[in-house]
Amino acid sequence: SAGPEDMPPEIWDKIKNHPCYSEEAHHHYARMHVAVAPACNIQCNYCNRKYDCSNESRPGVVSQKLTPEQAVKKVLAVASEIPQMTVLGIAGPGDALANPKKTFDTFRMLAEQAPDIKLCLSTNGLALPEMVEEICKYNIDHVTITINMVDPAIGEKIYPWIFWDHKRVTGLEAARILHEQQMKGLEMLTARGVLTKINSVLIPGINDEHLIEVNREVKKRGAFLHNIMPLISEAEHGTYFGLNGQRGPSAQELKAVQDACMGGANLMRHCRQCRADAVGLLGEDRSDEFTLDKIEQME
Ligand code: SF4
Ligand code: SF4
C-alpha cells in the first residue's frame, strides 16, 4: 500500500494515523463515531430511516443517539481506554451536515478538550458548499462524500427527493441539484487541502457501469480515495424502495467494478462499513463497551 515515499510529506502527515485513509494505519490506529446527527436532507432509495445512514455505515444498525455533550464525554472516556484512537468521525445516524449545530458544537468542544484527536465527517454533500468555511475552522483534514452518480438521469433512480431551499424537490431536478452541490463541495475541499474520500454504493443495474465515470470525475476534482461499497439489500433492513427486489452485487461484480476503476482515483479496499457509533479498529466493534451508562460508571 502507499507509503511516505509515494506522496508529499504534508499529505503523509494527514493520513499516517487515519485508519480509513491509510491501509497501513488501519492495523494500528482506531477511529470512533458519535451518533449526534439524526436528521437527513435527502432520501436515498436504499435507506430505511429507522437505521443508521447507509452511506457510511452497514445498513440495519441502530446507533445510540447522543447530545454533543454526551458525545464529548464518550470520546474522552474512549480516548483514555484506547490510546490508539486517533480519529473521531461524525457519520450519522443521518447526515452530519444536515445537523450543523449538533455536529459543529461537538467538533468545537473536542477541538478544545482533545486537540490531538483528528476530526472527520461524512456527508451526502447536499449542504457541503455552504459549510466548507465552518469545516475548515476546526482543522478537519478529512471529509467523506457519498457520490453514487454524476448523471442526474441515473441519480433520479437513486434519490426520490431532496429537501432544498425549504421545500421538497423531486425527480431529475433533485438529482441535478444534488450532483452540482457534490461536485462544487468536492472542488472547494480540494482547493483548501482537505483530503476527501468518496463513497459510492454499487447498485447492480442502476449505477454499476456508471461508477467508472464517477471515479474519473471525482479524480479530476482531486478526490484522494474512492471507496466502492456493495449495496446491502436485505428484507429486514428495508429493501431498495425505488425498485422492489433490488439485489446487492456479488463479490465478483464488486471486484469487477473496482478493477475497472484502476488507474483512476485510488481505491479503498479495506472499508468495513462501520456503524455510526463504531469504536475501535476497522472491522472490530467495541461500541458495546462504551454505552452511556457504562461511561457514567467509569467516572
Ligand atoms: Fe439515509 Fe444517509 Fe441517504 Fe440520508 S444520506 S437518506 S441517512 S442513506
Ligand atoms: Fe473513517 Fe468514514 Fe468514520 Fe471518517 S467518517 S473515520 S472516513 S469511517
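This is a predicted model: local features need pLDDT of at least 70, side-chain atom pairs count only at pLDDT 80 or more; totals for chains, interfaces and linings use all residues.
Helix α2 has 14 residues, which at 1.5 Å a residue should span 20 Å, and the C-alpha atoms at its ends are 20 Å apart, in agreement with that expectation. Seven strands make up an open sheet of mixed pairing, in the order β9-β8-β5-β4-β3-β1-β10, while three strands form another open sheet, in the order β2-β6-β7, with antiparallel pairing.

- The buried residues of α2 are P68, A71, V72, K73, K74, V75, V78 and A79.
- Strand β1, residues 30-33, pairs with β10 in the antiparallel sense over two bridges, and M32 stands opposite V279 of β10.

- Strands β3 and β4 pair in the parallel sense over four bridges, with L88 having L119 in β4 as its bridge partner.
- From β3 the chain crosses through helix α3, residues 100-113, to β4, and this β-α-β crossover is right-handed.
- Strand β4, residues 118-123, is largely enclosed by the rest of the structure, because five of its six residues are buried.
- Four bridges also join β4 to the parallel strand β5, residues 142-146, and in β5 the bridge partner of T123 is I145.
- A right-handed β-α-β unit is made by β4, helix α4 (residues 128-137) and β5.

- Helix α3 has 14 residues and reaches 20 Å from its first C-alpha to its last, close to the 20 Å expected at 1.5 Å a residue.
- In α3 the residues K102, T103, F104, T106, F107 and L110 are buried, and what covers the buried residues of this helix includes α2, β3, β4 and α4.
- In helix α7, residues 211-220, the buried residues are L211, V214, N215, E217 and V218, and their cover includes α6 (171-191), β8 (195-202), β9 and α8 (251-260).
- Just after α7 comes G222, which takes a positive phi of about 90°.

**The nonpolar core**

- The largest nonpolar core has 83 residues, of which M32, V34, V75, L88, Y159 and L202 touch the most other members.
- Helix α6 supplies the largest share of this core, with six residues.
- Once its neighbours within four places in sequence are left aside, V34 is in contact with L66, A71, K74, V75, L88, I90, T106 and D277.

- Two bridges join β2 to the antiparallel strand β6, residues 161-164, and Q43 has W161 in β6 as its bridge partner.
- Most residues other than glycine have a negative phi, and most peptide bonds are trans.
- D165, in the loop between β6 and β7, has a positive phi of about 55° although it is not a glycine, and D165 counts as exposed because it has 7 C-beta neighbours inside 10 Å.
- H166 is found in the loop between β6 and β7, with a positive phi near 65° in a residue other than glycine, and H166 is exposed, with 5 other C-beta atoms within 10 Å.

**Other loop positions**

- In the loop between β3 and α3 lies P93, which is joined to G92 by a cis peptide bond with omega of about 10°.
- D288 has its place in the loop between β10 and α9 (292-298), and D288 is exposed, with 9 other C-beta atoms within 10 Å.
- The C-alpha atoms of D288 and D277 are separated by 9.6 Å, the two residues being 11 residues apart along the chain.

Definitions and conventions
Residues are numbered from 1 along each chain as its sequence is written. Chains are lettered from A and ligands numbered from 1 in the order in which they are written. Two strands pair if DSSP finds at least two bridges between them. A residue is buried if 20 or more other C-beta atoms lie within 10 Å of its own, exposed if 12 or fewer, and partly exposed in between; C-beta atoms are placed from the backbone. A crossover is right-handed if, with the strands pointing away from the viewer, the path from the first strand over the helix to the second runs clockwise. The expected span of a helix is 1.5 Å times one less than its number of residues. Two residues are in contact if their C-beta atoms, placed from the backbone, lie within 7 Å. A nonpolar core is a set of buried Ala, Val, Leu, Ile, Met, Phe, Trp, Tyr and Cys residues joined through C-beta atoms within 7 Å.
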